[in-house]
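Hi everyone, thanks for coming. I'd like to walk you through a structure today, so let me put it up on the screen.

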Amino acid sequence: MTHPNADQLAAFAEGILGDEARAGVAGHLEGCPECREEVRWIRELRARASELPGEAVPAPDQWSRIEARIRASARPPSGEVVSIEAARRRRARPEWFRPLALAAAAVVLVALSSAITLTLARSGADPSAPGVPVAVDSPADRGDVTFAYAAEALEGAYGPAIRELEEALLRDRDRLAPETVEILEENLRIIDQAIRDATEALAADPANPRATRTLNGMYETKVQVLQQAASLARGA
Amino acid sequence: MGRGDTRRERSRRVRVNATATVPEDRDSVEWVERARGGDLAAFETLYRAHAGRVLAVCLRMADDPETAEEWAQDAWVRAWERLESFRGDSAFTTWLHRLTVNLALDRRRSDGRWRKRFESVGDLEPVAARRPVTDGSPGDRMDLERALRTLPAGARTVFVLYDVEGYKHQEIAERLGVAEGTVKAQLHRARKLLREALNR
């Protein structure tokens, strides 16, 4: 007997499977207690999940802590109720800041794009390899990076600096314009994914020189992005 | 087809705290406008109405109650800072909910970078159950809350976002920065682990 795959059974249980496929699965379930049980469990679990309490009880002093932070923040409360327009004018940052922050963020994004040419290359003969290695031509590419560098060694070299920068940025990020934060976070997401890809490639082929250079380059890029963001925030 | 009301939709029907004045959603518009103008008392009213919900979301996504309370505070401060960007094209509760989920995911991502560089979505150590989310309520709901705490963080996050909060696979994939297939695999894993935990 051919059972429906996990995705199909789940979609059926959730009521989101297309008509044609649904008929097929329904027919299979008539003769398959194992799959029927799977569908039954998913439905029961989702029913129980929907009954979970929607609220919890905050500590009594939570508001006072929030209030204190708001009063100390870049947008402290007004002393009295003000018109929306007046509040917006008061809240607005100096004219020069927003364009500068966005321009700086744009510079970071452009630097990232021009410095990195992503080419995907097949790793080798094994089509079932978990990921494809990413080959990168980057200014950080140095001929003297030894192939013996393991992913852990690179992490050891860059990790402390990255964590320190991340910590500083977490503290100061509220001083950045939201648009800048979004661009920054998107950049970091892309870089982190590239780090994961390169690490997988190294795991599959530790002697792969391109993956080693890639990983080195990605770490350097990450440090640069974080440094730029941190100095933006400090200057805010 | 589907589940009827998603949790996000149901969140509009907020349980009333007996000691506070809780606005219905339509009155929230006025409170939001006043808060945008810098009226902290108006913002506190919004807080009283929605703090329980924000904390519940954080509790399910964090590894422990202390972290959840920090994240909930951060979410409220961020909500105050970003009120200007709330366009009113969705309910305030929906906007607040998304902001809270995004913050929780940001924090998890940041914390995760510190601890494990090369994890896939969800191989962190399962965390032992701490104090319960609610008081009382015996039976199924307590068991599921406890069972959730035993899941690895990635599987728990996906389960909470999909089966509890009602997000779609693609939305979760975008927020986590992973493939949709990974989300489905983590969800499948979470449901399997929960079955083992609850049937012990």
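This is a predicted model: local features need pLDDT of at least 70, side-chain atom pairs count only at pLDDT 80 or more; totals for chains, interfaces and linings use all residues.

Let's begin with the interface. Chain A brings 63 residues to the contact and chain B brings 66 residues. Together they bury about 6300 Å², with carbon and sulfur atoms giving 54% of that area. On the chain A side, Glu55(A), Trp63(A) and Arg75(A) lose the most area to chain B, and together they make up 12% of what that side buries.

What holds charge to charge here? The rule finds five salt bridges across the interface of chain A and chain B, and it also finds 12 residue pairs in polar contact there, both partners at pLDDT 80 or more. Several helices of chain A each supply at least two residues to this side, among them helix H3 (33–50), helix H8 (178–204) and helix H9 (209–235). If you sort the chain A side by class, you get 29 nonpolar, eight polar and 26 charged residues.

Now for some individual pairs. Arg191(B) and Glu14(A) meet through their side chains in a salt bridge, 2.7 Å from N to O. Arg195(B) forms another with Glu38(A), where the closest N and O atoms are 2.6 Å apart. Arg195(B) sits in helix H9 (residues 180–198) of chain B and Glu38(A) in helix H3 of chain A, so this pair joins two chains. Arg195(B) is partly exposed, at a relative accessible area of 21%.

Next, please look at Arg46(A) and Asp163(B), whose side chains meet in a salt bridge at 2.4 Å, N to O. This pair also crosses between chains, from helix H3 of chain A to helix H7 of chain B. Are these two residues buried or exposed? Arg46(A) is buried, with a relative accessible area of 9%, and Asp163(B) is buried too, at 0%.

Glu171(B) pairs with Arg98(B), with the closest N and O atoms 3.0 Å apart. Glu171(B) belongs to helix H8 (residues 169–176) and Arg98(B) to helix H5 of chain B, so the pair ties together parts that are 73 residues apart in sequence. Elsewhere, salt bridges that share partners join Glu37(A), Glu38(A), Arg40(A), Glu44(A), Arg48(A) and Arg195(B) into one network. Over all chains, the count comes to 25 salt bridges.

Two last residues. Arg107(B), in helix H5 (residues 92–115) of chain B, is buried at 14% and touches residues of both chains, including Leu170(A), Arg173(A) and Trp71(B). Gly159(A), in helix H7 (residues 151–172) of chain A, is buried at 0%. Gly159(A) and Val223(A) are 64 residues apart in sequence, yet 9.5 Å apart in space, C-alpha to C-alpha.

How values were computed. Residues are numbered from 1 along each chain as its sequence is written. Chains are lettered from A and ligands numbered from 1 in the order in which they are written. Side-chain values use heavy atoms; hydrogens and water are left out. Helices (H or I, at least four residues) and strands (E, at least two) are DSSP runs, numbered from the N terminus. Buried means under 20% relative accessible area, exposed over 50%, partly exposed in between (1.4 Å probe, protein chains only). Contact means heavy atoms within 4.5 Å. Buried area is the accessible area (1.4 Å probe) that two parts lose on being put together, summed over both. A salt bridge is a side-chain nitrogen of Lys or Arg within 4 Å of a carboxyl oxygen of Asp or Glu. A polar contact is a pair of N or O atoms within 3.5 Å; within protein, one must be able to donate a hydrogen and the other to accept it, and residues adjacent in sequence count only if both atoms are side-chain atoms. Ala, Val, Leu, Ile, Met, Phe, Trp, Tyr, Cys and Pro count as nonpolar, Asp, Glu, Lys and Arg as charged, and the others, Gly among them, as polar. Lists of a residue's contacts leave out its neighbours within four places in sequence.
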